[in-house]
Structures are given as C-alpha cells and as structure tokens.
Amino acid sequence: MAQERAVAAHGTLILRNEDLDRSRARAEFVEAMLEDLRWFGFRWQEGPDCGGSFGPYSQSERYEFHRAGFEALKSRGCIYPCYCSRQDVLRALSAPHAGDDEPIYPGTCRNNLLDGGDRKANWRFRVPDGEAIEFADGGFGKQQFVAGEDFGDFVVWRHDETPSYQLAVALDDAAMRVTEVVRGADLLVSTARQLLLYRALNLEPPKFYHCPLVTDQSGLRLAKRSDAASLRALRKQGLTPEEIRRGWGTNLSLGGAR
C-alpha cells in the first residue's frame with residue numbers, strides 16, 4: 001500500500017529502520033528485514049541501505065536530534081518525570097490491561113515538576129484531559145480519540161536515555177519532510193498521541209493512511225515478534241507475495257512518502 005500510494009503521488013518511498021529497542025537491534029536482523037521486504041516487492045528510494053538527503057535512516061543514529069526534541073518539550077512544561085514501574089501502573093488500574101497498547105496512566109506522578117536528581121525517570125507527556133483529537137485518515141475515514149479516556153499521559157523519554165516510539169517517529173517524520181505516513185490500523189490511537197506532539201513542538205503533521213493488518217487464521221497479526229506469523233515464516237511455507245497481498249484485511253491461512 002505504501003509503495004502504491006507513493007507511486008500514485010509521484011513521491012518518494014522512505015524506509016526507516018526503527019531500531020530503538022536495543023535488545024533486538026542487531027545487524028543481522030536489519031539485513032533480514034531488508035531482504036524480506038525486497039522479496040515482498042517493496043522498492044524504496046531512501047533508506048538505511050541506500051541513503052538519501054534526510055539521513056541517517058536508522059533511529060539509533062539520530063539520538064542528538066531526538067534529545068533536542070525532548071529538551072524542547074521539557075522547557076515548555078509539556079512533560080514530567082515519572083518514577084512508576086510498569087507493574088506500578090498496572091496495579092493502579094481499576095481494570096486489567098490487555099494488548100500491546102500503552103495502558104492509561106493513572107496520574108500518580110503527574111504533579112512532579114522537576115526530576116529527582118540521580119533517580120531514573122520515564123518522562124511522560126501531559127495530555128489535555130477531555131480534549132477530542134480528530135483527524136481524517138485516508139484508509140479508515142474520520143477518527144476521534146479523547147485524551148484521558150482513549151489514551152493517557154504517555155512516555156516520550158525512557159529511563160535508559162532512549163526516546164519512545166511516539167516521540168522518535170513524530171520528530172523523524174517532520175525532519176524527513178514526510179507528507180503521508182502509511183502504516184497498520186493498530187497504530188490509529190498512536191496518531192492521536194503524535195498529533196499532540198506535533199502541536200507542542202510547532203511542527204506540521206503529515207497526512208495518515210492506516211491499512212488493515214494481515215493476520216493468521218486465529219487473528220494473530222503478522223509480526224516479527226511472533227515467528228509463526230512473520231513475513232519470513234510465510235515465505236518459508238511457500239506462500240508468494242501475491243498470495244499474501246490477496247489475504248490483506250482477512251485471516252490468512254498459514255497451513256496449520258514523501
């Protein structure tokens with residue numbers, strides 16, 4: 001979908017290596033990713049393997065840029081240090097949390113104004129409770145998420161000195177002059193978070209186009225964290241790129257821009 005939309009717009013398809021998870025960011029994984037995407041049919045014009053005007057294209061190499069964005073949010077009073085562990089957050093919730101999305105933060109540390117010196121903190125963005133964040137999605141139409149209800153104060157900078165996904169992609173999309181982001185429907189609510197970051201940093205947001213996910217017969221999404229439903233696993237089973245594309249938006253049988 002991303003490639004088709006880039007071609008139709010006479011634009012440039014950018015591949016960015018979002019390798020902020022240090023425990024899984026290995027060179028062999030990057031090479032495997034590039035190989036699998038080429039096999040699937042993607043042809044990008046800018047990326048970690050071919051360069052471009054807005055590199056580097058691996059997020060782990062963009063630390064100073066991300067840090068500057070973090071400091072800008074800090075100086076504007078948009079974020080606060082949080083000393084809660086993930087288990088602290090989950091224990092404070094009134095209902096159990098399931099899934100990959102970030103649980104709604106109960107606000108335990110929301111009144112913190114300064115960091116605690118040597119204490120390690122996760123820095124959270126203070127969302128405007130009750131505000132409806134709206135955007136027109138190219139794939140799913142009009143979207144609306146209410147801050148404080150559909151999502152809460154979210155992490156932008158982690159205690160291990162790593163930017164969060166939300167902050168890194170917002171900063172990188174703006175810096176790389178991305179005009180449309182094409183990604184999976186599971187990230188619709190993340191778009192609302194990122195729109196708040198664009199506004200806080202006085203950046204122009206891109207357009208968004210979210211696609212249905214490819215899933216297996218049980219509804220498990222195609223993902224590198226689940227080898228049974230990874231692109232490489234489907235390739236090893238003998239499926240062709242065309243067969244996978246035909247399964248887009250349905251439960252796929254696994255055999256048992258700028």
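**Reading the model**

Tutor: Let's start with Asn-202, which counts as exposed at 65% relative accessibility. Keep in mind as we go that this is a predicted model.

Student: Where does Asn-202 sit, and what is its phi?

Tutor: Asn-202 is in the loop between α6 and β7 (207-211). Its phi is positive, about 60°, although the residue is not a glycine. Arg-177 is another non-glycine with a positive phi, about 55° in its case. You'll find Arg-177 in the loop between α5 and β6 (180-184), and it is exposed, with a relative accessible area of 58%.

Student: Which residue with a positive phi follows α3?

Tutor: That's Gly-77, with a phi near 70°. While you're on backbone geometry, look at the peptide bond from Gly-55 to Pro-56: it is cis, with omega near 0°. Pro-56 belongs to the loop between α2 (27-40) and α3.

Student: Which residues of α3 are buried?

Tutor: Take buried as under 20% relative accessible area. On α3 that picks out His-66, Gly-69, Phe-70, Ala-72 and Leu-73. Looking down the axis, these buried residues fall within an arc of 155°, so they line one face of the helix. The face turned away from that side carries the exposed Glu-64 and Ser-75.

Student: What do the buried residues of α3 pack against?

Tutor: Their partners are β1 (79-82), β2 (122-125), β5 (154-157), α5 (165-175) and α6 (188-200).

Student: How many residues of α6 are buried?

Tutor: 12 of its 13 residues are, so α6 is largely enclosed by the rest of the structure. Among them are Leu-188, Arg-193, Gln-194 and Tyr-198.

Student: And how should I read the core?

Tutor: In soluble globular proteins, nonpolar side chains tend to be buried together. Here the largest nonpolar core has 42 residues, and Leu-73, Ile-79, Phe-125, Phe-151, Val-156, Leu-167 and Leu-197 touch the most other members. At least two core residues come from each of α3, β1, β2, β3 (132-137), β5, α5 and α6. The largest share, eight residues, comes from α6.

Student: Which residues does Ile-79 contact, leaving aside neighbours within four places in sequence?

Tutor: Ile-79 is in contact with Phe-70, Leu-73, Lys-74, Trp-123, Arg-124, Phe-125 and Val-156. Apart from this core lies another, of eight residues, including Ala-6, Leu-13, Leu-15 and Leu-37.

Student: What about the overall picture?

Tutor: The protein has eight helices and nine strands, and 42% of its 258 residues count as buried.

Student: Where is the pLDDT below 50?

Tutor: First, the whole protein: the average pLDDT is 85, and 84% of the residues score at least 70. The stretch below 50 is residues 252-256, which has 18 contacts in the model beyond near neighbours in sequence. Where pLDDT is low, the predicted coordinates should not be read in detail.

How values were computed:
Residues are numbered from 1 along each chain as its sequence is written. This is a predicted model: local features need pLDDT of at least 70, side-chain atom pairs count only at pLDDT 80 or more; totals for chains, interfaces and linings use all residues. Side-chain values use heavy atoms; hydrogens and water are left out. Buried means under 20% relative accessible area, exposed over 50%, partly exposed in between (1.4 Å probe, protein chains only). Helices (H or I, at least four residues) and strands (E, at least two) are DSSP runs, numbered from the N terminus. The arc is that of the directions from the helix axis to the C-beta atoms. Contact means heavy atoms within 4.5 Å. A nonpolar core is a set of buried Ala, Val, Leu, Ile, Met, Phe, Trp, Tyr and Cys residues joined through side-chain atoms within 4.5 Å. pLDDT is the predictor's confidence in each residue, from 0 to 100.
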